[in-house]
Amino acid sequence: MADGVASRPPAGAAAMPRTVARSAGAPLVFDADDPRLAAAAWSRLAEPGDAVAGALVAQLGASGALRWLVDATVDPDRALGGLRRADEDGTDVPPVRRAATDRLLSAVGRWAPRLASLDPRRELRVLERCDGTLLVPGDEHWPRRVDDLGVAAPFALWVRGRADVEGWSRRSVAVVGARAATAYGERVAAELASGVAERGFTVVSGGAYGIDAAAHRGAVAAEGMTCAVLASGVDRFYPQGNDGLLRRVAGTGAVLSEVPPGSAPFRQRFLARNRVIAALTAATVVVEAAHRSGALSTARRAAELLRPVGAVPGPVTSMASAGCHGLLRDAVAVCVTGAAEVADLAGDLGREAAPPPPSADTVLDRLGPDERLLRDALPVRAAASVDSLARAAGLPPRRVLTLLGGLERQDLVRREGGRWRRA
């Protein structure tokens, strides 16, 4: 199966001899020219959302950027084209180029400590034991939506479960919120997730306690598709208390991460994870969030990406909903109160926002003035004669007979012999 092949190292990778990168004599234990291994390597080298690494990879490709890094750790002057030496010699270097040089040197200092122990083949073997799949940009199942993040886009996605991420993410909605959720928030999150899952949407969240867990449970209960985006590796589910839930999510949907197996969840990785949730989905809904909730960063990043954002209102006295009210007040989000409104927000307008079936109220709205008078004069229980209705409505009997025929065709009156009453 294509997905299974994508997750495995190249044939014979386990038996590869330790090789030396020819760039500058720095040891690498894998083939840096393999674009998949190089992309996987960058997901270990750089922290999620590292814009300097993203720009370097965008310019040189994953393999080229990796070879450049090896050079830079051995001979920074040569890698930077002599810019640092020119700066030290007093040569007039444009401020923009000097700033770029400083950022690159600082980034090399961040990445270099991880270079010595770098071996993405080892992490691919762990992923294979988890029956997982590695996706890199350009793969058939790579979700093109995340490319909207530009230089902050992931280098790779490590996936357990359904690896056709491009397919199931086309019709998806993020349901996020506070970890310290109230019973109200968890109930609303579960109902929203269940409702949109029944409408064929994938429910995406972060796998955390509170609103995230309630959203995943709601989608699973509806036998719908759900995905958890983790801030840690997919080999060990975090938080541990949600291990059983995340296993069900992986069994029926997907669990994915942009960091490789063995990666620990750091605070910064949680914040960076939120940008992936925002980019991966068609819309983001915040169910419950305090003023400083991390879920607000998901909503604001979604708004920056021009994705629709919804917020569920709560009691004005509840601090747990203060962040949602702030999103509404700042016009970052629109108010949503049910699954149908979320579907309108995230789905195709022509498909989701179908006109409601005609109701009695809409039929009554089309009645003329005389018809309204006559309908108001009609008794609900005992039927009345035409003359009695004419007196009550203040209309001529002949006019009453004409109007009664029209009201009968609209099922608004009922004839009982020669008498009439309201249907």
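Okay, a definition to start: when I say buried, I'm talking about under 20% relative accessible area, with exposed over 50% and partly exposed in between, using a 1.4 Å probe and protein chains only. Hold on to that for strand E3, where Ser172, Ala174 and Val176 point one way, Val173 and Val175 point the other way, and all are buried. With 5 of its 5 residues buried, E3 is largely enclosed by the rest of the structure.

Quick housekeeping. This is a predicted model, so local features need pLDDT of at least 70 and side-chain atom pairs count only at pLDDT 80 or more, while totals for chains, interfaces and linings use all residues. Residues are numbered from 1 along each chain as its sequence is written, and side-chain values use heavy atoms, with hydrogens and water left out.

Now the overall picture. The protein has 20 helices and 11 strands; those are DSSP runs, H or I of at least four residues for helices and E of at least two for strands, numbered from the N terminus. There are 423 residues, and 52% of them count as buried. Take contacts, meaning heavy atoms within 4.5 Å: among those between residues at least 6 apart in sequence, 72% join residues at least 24 apart.

On to the sheet. It's open, with 9 strands and mixed pairing, in the order E1-E2-E6-E5-E4-E3-E7-E8-E9. Strand E1 (132–135) and strand E9 (334–335) are at the edges with a single partner strand each, so one side of each has no neighbour in the sheet. Pairing here requires that DSSP finds at least two bridges between the strands. Back at E3, its pairing with E4 is parallel, over 3 bridges, and Val173 sits opposite Val203 in E4. By contrast, E2 (residues 157–161) and E6 (residues 254–257) pair in the antiparallel sense over 4 bridges, with Gly161 having Ala254 as its bridge partner in E6.

What packs on the sheet, touching E3, E4, E5, E6 and E7? That's helix H12, residues 267–280, and its direction makes about 150° with that of E5. Helix H11 (residues 243–252) lies across E2, E5 and E6, running at about 105° to E6. For those angles, axes are lines fitted to C-alpha atoms, for helices over the stretch in contact, and the range is 0 to 180 degrees between N-to-C directions.

The search uses a 1 Å grid over the protein atoms alone: a cavity is a set of points where a 1.4 Å probe fits but cannot get out, a pocket is an open set with protein on both sides within 12 Å along at least five of seven lines, and lining residues have an atom within 4 Å of a point. Points join across faces, edges and corners, and volume is the space filled by probe spheres set on them.

The largest pocket is about 410 Å³. Its lining has 21 residues, of which Arg179, Asn274, Ser293, Gly294 and Ala295 lie nearest the centre. H12 gives the most to that lining, with 6 residues. The largest cavity, about 60 Å³, has a lining that includes Pro48, Val229, Ser257 and Arg273, and again H12 gives the most, with 3 residues.

Last stop, Leu56, in helix H3 (residues 51–74). Its relative accessibility is 10%, so Leu56 counts as buried. Leaving out residues up to four places away in sequence, Leu56 touches Trp42, Gly61, Ala65, Trp68 and Trp111.
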